[in-house]
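Hello,

Please find the structure below. My notes on it come after.

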Amino acid sequence: MTRATRERETESLRADSGALSGANSGAVSGRAGRLAALKAKIAALEADGNGFVQPGRARLEPGRPVPAQPANDTDPLALFRAQAGLHDLRPDSYLDAPAAYAFAVRWLAGLPGDRLLVWVRAPGESRLDFGAPSPDGLHQAGINPARLMRVDARPGADALWAMEEALKAGALVFGEAGAARGYDLTASRRLHAAAKAKGGQILVARAHDAAGASAALTRWRIAASPGAAAPWRGAGGLQGLGSQKLIAVLERRRGGAPGRFELEWEDDALRRFEPAALAHRAPQAATG
Amino acid sequence: MLTLAGVGGERLYALTPNAERAGLSPAMNVADARALAPLMAACAADAEGDRAALIRFARCCGRVSPWTAPDPLTPGLDGVLLDITGCAQVFGGEDRLLDQLVSETRALGLTASAAAAPTIGLAWALARTSAVQARRGWVSVNTARPALDAVPVEALRIGDTASKLRRFGLATAGDLLGLPRASLAKRFGLALVRRLDQASGTERETLMPLKPQADLRARVRFAEALQAQGAIKEAAGRAIENLCEALKAEGLGATRLRLTLYRVDGAARDLMIGTAVPSRDAAHLSRLMGERLERSGIDIGFGIDLVEAGAALARRLDHAQTDLTGDADTSSDAARLADRLDARLGEGAARRARPANSHIPERAARWIGAGMVPGAWPPRLERRPLLIFDRAEPAEAVAEIPDGPPRRFTWRRVRHTVMRAEGPERIAPEWWRAPPGSGPGKVRDYFRVETGEGRRFWLYREGLYGRETDRPAWFVHGAG
């Protein structure tokens, strides 16, 4: 039995016994009663941080930043992004890794505040070998490169340690875990706890074929998708590049249902000089 | 010409050769001097600055002898005292030592003469009298007495008493030594007798040397050798704490810390850690060192009986004002994080980007040590991908026209069909960086493309078709 299935079973067991103890709450006595009380306590603890908080009813706690209201109501990820903790993502296929990175960068760029952003690279990880962050590219995606700290670590224990240290220092973290064996339920729980304690967030990129459990709040699978063509001509008779389009499948989510999102970012409206609306008008029928 | 406030108003302190020729002398009243030379230009002397410069020079003389002291007895009569006992052999004798000292000092643009003698008083006198002409002079114990007899009374470090002695017709130390001590002391004061005794060696005079630069080391010694890693870590922590106290007293912070573990059997092992910004925070440094210790895998052998922490590199660290809101200082948090990452993952593991003035994509950002706080990032109008490869990877591409974007390309053994393309963005090579004789390099035409699956790449074609090359090479340089 793999670790993942064992974990799933224990989770379902816990849920069953919780329901049972709720039904038999009249007969609280001795060992069973204590057990039920402990289970209730665990359930309360887990519900506290793991269930998604509705932005409108966010509870204020001292020492913990308030989940900011997303500026843009149309942001479909706002609900997930408001949660401090660990989020997992993996590309749908090997070549989709850049798309997964783009997803992570947009996610982090949309977070309020200007915390340090630590990008933990694992240059030895062959499944995520799509280069280093480009400060200019990050800048254009909405992250000031002055916030960026790049860390090169060996994949596995070192990279995970670096991520945890960065979280403890109160940074936002994007980490490459790849297919490292060290990234399991225990490791991900540690990362999640470290992130939650400081109100930070960590996005961990895993390899496209990585399996195994993780304690992440959400687990995403990202694929690139052909976007709409730009309204102008590009090069060599081809259309120009429109807004980037991704398909983000929410595979697992603590306390919620999975989902599928088609995401498109239009972030270059100010930089790109689109032809005026006049140029787009429909051709008028010749009269006369 | 410099003046200094003295007894009875401003007095001359230092003179130009012209002023000396006009009949002025040091310690003369400024009013008298003006009567003699009405056109003289005078400004105030910086006595403190002189003193500091003399101390610096005395330290500099440390290359001759470790035992040096500045001698600012009289303004304008500055000197440096050196105890050269045992040092002369190194330089090949007293003569050569003095020659070297004088010529090096004169190379600095100073007028200098030097003398060596068995007593401080005699050396002082010789350096200012007989040695001035010869530039140097030295007397051994055997010739000390005749040399002292010839010393004029002005060179006995007795100030104004010398002129009184002159009035009595006593011109040299030899004249004084022939007189009964009691009457000399009664008439001219005890100071004269004392100076005479010091010059002749009857009374001992010691040199108070400059304290060497603070020794930024702290040791923790154990009677019983330490065997356990935990205990060694604890000891290192204590040594670092003591070191931080010393650093605090000096107003310094360590940027490089060395921990030396001395084994019972005589072996020693050094461990180094570095910090991005100077630090004297014992908790932070201990933590860094603890991680270094854990990962170093040192052989404890029969045990460690001495742990020494030293600041191998220290820089000035003033007290920083923390802000009044009590919020954590994010820049120092980042520096601490970088220290920890560097300590465990290796130097330079954590880096930050600084904009560099270049259009070549791989040179547009410089990755620097994480201790520096990067400045503002200038906006760039040209689109850049999120990810840039450390080294552009060759691809096989098919373009419809020589200058156009690729229609299909194969990269990492996968074939891609280009559906959308933008470009070219032409980036010329930086010929001024090319090594001599290698040619200027080739022009790159960059294209942003999107494949049929929606994947985005950043490709370039190297070389202008027809002008620079017949078979242009294609490279994938970025993605996302």
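Predicted model: local features only at pLDDT ≥ 70, side-chain atom pairs only at ≥ 80, totals over all residues.

Residues are numbered from 1 along each chain as its sequence is written, and chains are lettered from A and ligands numbered from 1 in the order in which they are written.

Chain B has 15 helices and 19 strands (DSSP runs numbered from the N terminus, H or I of at least four residues for helices, E of at least two for strands).

An open sheet in chain B has four strands in the order 8-11-9-10, with antiparallel pairing (strands pair if DSSP finds at least two bridges between them). Strand 8 (217-226) and strand 10 (268-279) of chain B are at the edges with a single partner strand each, so one side of each has no neighbour in the sheet. Strand 9 (252-263) and strand 10 of chain B pair over eight bridges; in one of them, B:Leu261 has B:Arg269 as its partner.

Chain A and chain B touch through 51 residues of chain A and 56 residues of chain B (contact means C-beta atoms, placed from the backbone, within 7 Å). Helix 15 of chain B gives the largest share of the chain B side, ten residues. Strand 3 (132-133) of chain A also pairs with strand 14 of chain B, antiparallel, over two bridges, and A:Pro133 has B:Leu387 as its bridge partner.

Regards

Key
Contact = placed C-beta atoms within 7 Å.
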